[in-house]
Amino acid sequence: MTKTLIPCDCLGTQALDAKALSKATGLQVMPVCSALCTADLSRAAEALTQGNAVICCTQESRVFEALAADLDLPPPALLDLRDRAGWSADPRSKLPKMAALTAEAMLPAAPEKALDVISEGLCLVLGAADVALAAAEQLAPHLGVTVLLEEAEDLPDSRAYEVITGRLRRAQGALGQFRVTIDALRQVQPGGRGSLTLTEPRDGGISDCDIVLDLRRAPPLFPAPEKREGYLRADPGNPLAVAAAVMAASHLTGTFEKPLHVRTDALLCAHSRAGQTGCTRCLDLCPTGAIVPDGDHVTVDPMICAGCGACSAVCPSGAISFDAPPVDLILRRVQVLAQSYLAAGGFVPRLLVHDAAGAEMIRLAARHGDGLPADVLPLDLPSIGVFGHAEMLAALAAGFAAVTLLPGPGSDRAALEAQITLARALAGADRIDLLDTPDPEVLTATLYDASAPAPVATPVRPMGTRRQVTRQAARALNPGTDALPLPQGAPYGAVLVDTDACTLCLSCVSLCPSGALGDNPDLPQLRFQEDACLQCGICATACPEDAITYEPRLLLAEEALSQRVLHEEEPFACIDCGTLFGVKSTIERITEKLSGHAMFSGDKLRMIQMCDNCRVNAQYHTQDNPFAGRDRPRPRTTEDYLSKRRDH
């Protein structure tokens with residue numbers, strides 16, 4: 001059934017043309033309301049009852065959700081056309097932008113994947129006695145509290161919570177499954193009269209808890225502590241921060257849904273082979289330490305993963321990909337935005353990629369400032385880090401003239417800048433920008449003042465993996481170019497072989513995780529397919545002759561898709577049967593080095609110059625045949641038995 005848009009001009013503060021919007025989107029658009037959340041609420045109720053209604057207002061979401069609940073209907077679909085398009089000082093028509101935003105909103109959402117996390121309210125409080133004990137008093141009615149003090153001179157008489165002393169050695173885990181190791185652990189002896197006493201200290205005590213409230217002045221227990229769910233940290237000298245942390249801890253009980261942010265495929269991972277470490281891009285970037293080596297591949301702890309998306313953007317093989325939403329849906333959203341904007345009559349669109357913090361800046365800029373320009377289309381993502389070089393190039397190839405990234409407070413700037421540097425090398429420095437500001441006025445002023453370059457003449461919408469999307473988009477953006485030089489560390493490039501040093505041992509072929517390096521079963525050759533090379537470094541590390549180096553680049557010519565010979569030599573002909581085997585130069589060199597050696601005298605030296613079959617045959621017929629055993633005993637016959645009988 002076709003969706004029906006219920007537009008509202010918000011008391012006449014934005015211009016909406018229902019007929020033009022219906023023609024541009026192909027959807028049914030109801031006559032424009034002026035106060036859909038108040039005076040015209042009955043029209044919203046009627047639309048919800050009819051079904052498939054999309055209400056063009058997100059500000060009053062609670063009103064429409066409550067209305068749907070009163071009507072015993074599911075929550076309605078909401079679409080923001082006001083803050084992102086309608087409220088703007090740009091005099092140009094907003095219709096193409098509204099049509100694009102509507103088309104993007106009509107895309108089917110990917111199903112969310114999540115794990116259930118159960119917190120029973122066991123809380124460990126760390127800190128000095130004055131602050132930690134006061135926090136424990138407040139939390140005791142709500143949680144099961146244990147306070148860890150380094151030293152305790154006067155233990156509280158209260159048994160509403162537990163008090164222990166010791167030194168925290170290690171902490172691991174996340175909400176619902178923290179585990180801490182404590183040395184010099186002493187617990188309260190509950191019996192006896194007078195002041196409470198402590199047990200004898202012991203090392204290696206283990207405590208499992210659901211929540212950790214850290215009120216110490218020491219460094220945090222975890223990297224990126226603000227991203228570790230269930231770990232609350234506050235400056236003990238800031239009473240407001242301590243009170244906020246105590247309040248937050250008191251609410252962390254029950255069952256929570258932990259989103260599964262990424263999807264992994266161990267078979268594609270190029271982390272290591274045969275003990276040789278290769279790609280470590282995701283390990284180097286993960287802010288929370290959720291990614292750890294696991295044999296030849298890496299694994300992601302979903303309980304620790306904060307969903308920043310940097311691992312997906314940097315992974316050269318697709319072994320780790322963002323899944324909330326999936327990468328292919330993000331690419332499709334970008335392409336639909338560009339296609340719908342251009343189809344509705346828009347020119348030279350620009351893409352603004354942002355997260356939740358950016359969405360709030362856009363809202364403030366629209367309400368109190370000039371709003372976004374009519375040619376700037378916002379793309380809201382749960383984490384801006386997932387928008388890597390492949391997505392940037394896909395946006396430019398789809399018709400966007402420029403891409404601007406607006407990072408929020410928790411974004412990894414270093415990871416974003418690395419992806420922008422790579423994307424600029426592939427598409428041009430004037431097309432991609434990082435707008436790092438928390439000020440809505442600076443945001444709008446920068447966007448209004450910027451001039452976008454001409455977009456690609458013929459938009460394309462590449463499909464496939466992120467590597468395939470990158471190659472197709474780069475070819476569209478760089479017509480007539482055969483190769484693009486890239487910065488060091490780029491996941492695209494060529495393998496260079498020193499033919500004077502290479503012995504064609506082919507150890508690199510056996511360890512290559514992507515199949516970029518191959519051999520020829522009939523001839524001594526080392527072959528290479530450039531589009532498959534991940535530049536992981538395993539082949540260079542494994543090469544016993546140090547004959548392999550790399551050239552970061554993106555080869556756009558068709559030869560990148562086929563194998564070419566990096567090094568080849570003449571095969572050696574068996575001196576007995578003439579069968580070709582091995583490498584002639586290698587066998588001649590070995591023969592030269594072993595000539596005159598006592599263990600290779602006579603025919604043994606000739607065996608090095610034989611194929612496998614002839615060598616085995618020659619060894620079998622030598623005097624010291626290594627396959628020979630003891631002489632088999634002669635079978636005993638009837639005559640042997642009769643000859644020993646005395647009656648014969």
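These are my notebook entries on a few local features I looked up in this predicted model.

**Entry: acidic patch**
I started with surface charge. Glu150, Glu151, Glu153 and Asp154 gather there in a patch of negative charge. I then checked where Asp154 sits: in the loop that runs between strand S7 (144–149) and strand S8 (162–172). Is Asp154 buried or exposed? I get a relative accessible area of 69% for Asp154, so it goes down as exposed, the cut-off for that being over 50%.

**Entry: cis peptide**
Next I went through the backbone. The bond from Ala324 to Pro325 is a cis peptide, and its omega is near 5°. I placed Pro325 in the loop between strand S20 (320–322) and helix H10 (327–343).

I found Leu506 in the loop between strand S26 (493–497) and helix H16 (507–511). Its relative accessibility is 26%, so I wrote Leu506 down as partly exposed; buried would need a value under 20%.

**Entry: positive phi at Asp546**
Asp546 is not a glycine either, yet I read a positive phi of about 50° for it. I noted Asp546 as exposed because its relative accessibility comes to 64%.

Technical notes. Residues numbered from 1 in each chain as written. Predicted model: local features only at pLDDT ≥ 70, side-chain atom pairs only at ≥ 80, totals over all residues. Heavy atoms only, no water. Patch = residues over 30% accessible without salt bridge, like charges linked within 9 Å, V, L, I, M, F, W, Y side chains within 5 Å. Areas by Shrake-Rupley, 256 points an atom, 1.4 Å probe, with all protein chains shown as cover. Salt bridge = Lys/Arg side-chain N within 4 Å of Asp/Glu carboxyl O. Lys, Arg positive; Asp, Glu negative; His and termini not counted. Charge placed at Lys NZ, Arg CZ, Asp CG, Glu CD. Helix = DSSP H or I, 4+ residues; strand = E, 2+ residues; numbered from the N terminus. Buried < 20%, exposed > 50% of the residue type's maximum accessible area, 1.4 Å probe, protein only.
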